[in-house]
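Please look over the sequence and the model first, and then read on.

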Amino acid sequence: MLKPLLDRVVLVKIEQEKKTASGIILTDVSKEAPSMAKVIAVGPGKVEDGVLVKPEVTVGEIVIYKPYAVTTVKVDGREVLICDAKDILAIVA
């Protein structure tokens with residue numbers, strides 16, 4: 001398992017549905033899938049102006065992230081993504 005440093009977050013990409021709620025099957029060309037992932041590890045935060053600022057996300061949350069702001073690595077045969085907390089755009093409720 002990875003232990004992220006500072007305000008970095010480790011994510012596992014979530015596979016998107018290939019079918020809409022109404023039953024229409026999407027091809028790879030037509031689908032504009034958001035970059036969604038599950039948070040599996042969160043760093044302790046970083047110090048700004050002498051104060052520790054913790055990331056706003058927690059382990060287990062589903063998030064939308066900037067697709068070009070991640071580093072992809074393989075750990076134990078599984079592909080994971082590492083990004084800064086500032087590159088997470090939203091938490092999916």
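## Surface and overall make-up

The accessible surface of the protein comes to about 6600 Å², and 56% of that surface belongs to carbon and sulfur atoms. These values, like those that follow, were computed from a predicted model. Of the 93 residues of the protein, 28% count as buried.

The protein has 8 strands and 0 helices, so that, as the strands are defined from DSSP runs, the pattern read along the sequence is β-β-β-β-β-β-β-β. Among the contacts in the protein with a separation of 6 or more, 61% are accounted for by residues 24 or more positions apart.

In soluble globular proteins, nonpolar side chains tend to be buried together. In this model the largest nonpolar core has 12 residues, namely V9, L11, A37, V39, V57, V63, Y65, V70, L81, C83, A85 and I88. At least two residues of this core come from each of the strands β1, β2 (36–42), β5 (62–65) and β7.

## A41 in strand β2

A41 is found in strand β2, and because its relative accessible area is 8%, which is under 20%, A41 counts as buried. Leaving aside the neighbours within four places in sequence, A41 is in contact with L2, P4, V9, V10 and V59. The C-alpha atoms of A41 and K3 are separated by 6.8 Å, although these two residues are 38 residues apart along the chain.

Not counting residues up to four places away in sequence, D7 touches G45, K46, P55, C83, D84 and A85. Two of these partners, C83 and A85, are also listed in the largest nonpolar core.

## The hairpin of β6 and β7

Strand β6 (residues 71–75) and strand β7 (residues 78–84) run antiparallel and are joined by 5 bridges. Within this pairing, K74 stands opposite E79 in β7. The hairpin of β6 and β7 has 2 residues between the strands, and D76 takes a positive phi near 55° in this hairpin.

Terms used: Residues numbered from 1 in each chain as written. Predicted model: local features only at pLDDT ≥ 70, side-chain atom pairs only at ≥ 80, totals over all residues. Heavy atoms only, no water. Contact = heavy atoms within 4.5 Å. Pairing = 2+ DSSP bridges. Helix = DSSP H or I, 4+ residues; strand = E, 2+ residues; numbered from the N terminus. Buried < 20%, exposed > 50% of the residue type's maximum accessible area, 1.4 Å probe, protein only. Areas by Shrake-Rupley, 256 points an atom, 1.4 Å probe, with all protein chains shown as cover. Core = buried A, V, L, I, M, F, W, Y, C linked by side-chain atoms within 4.5 Å.
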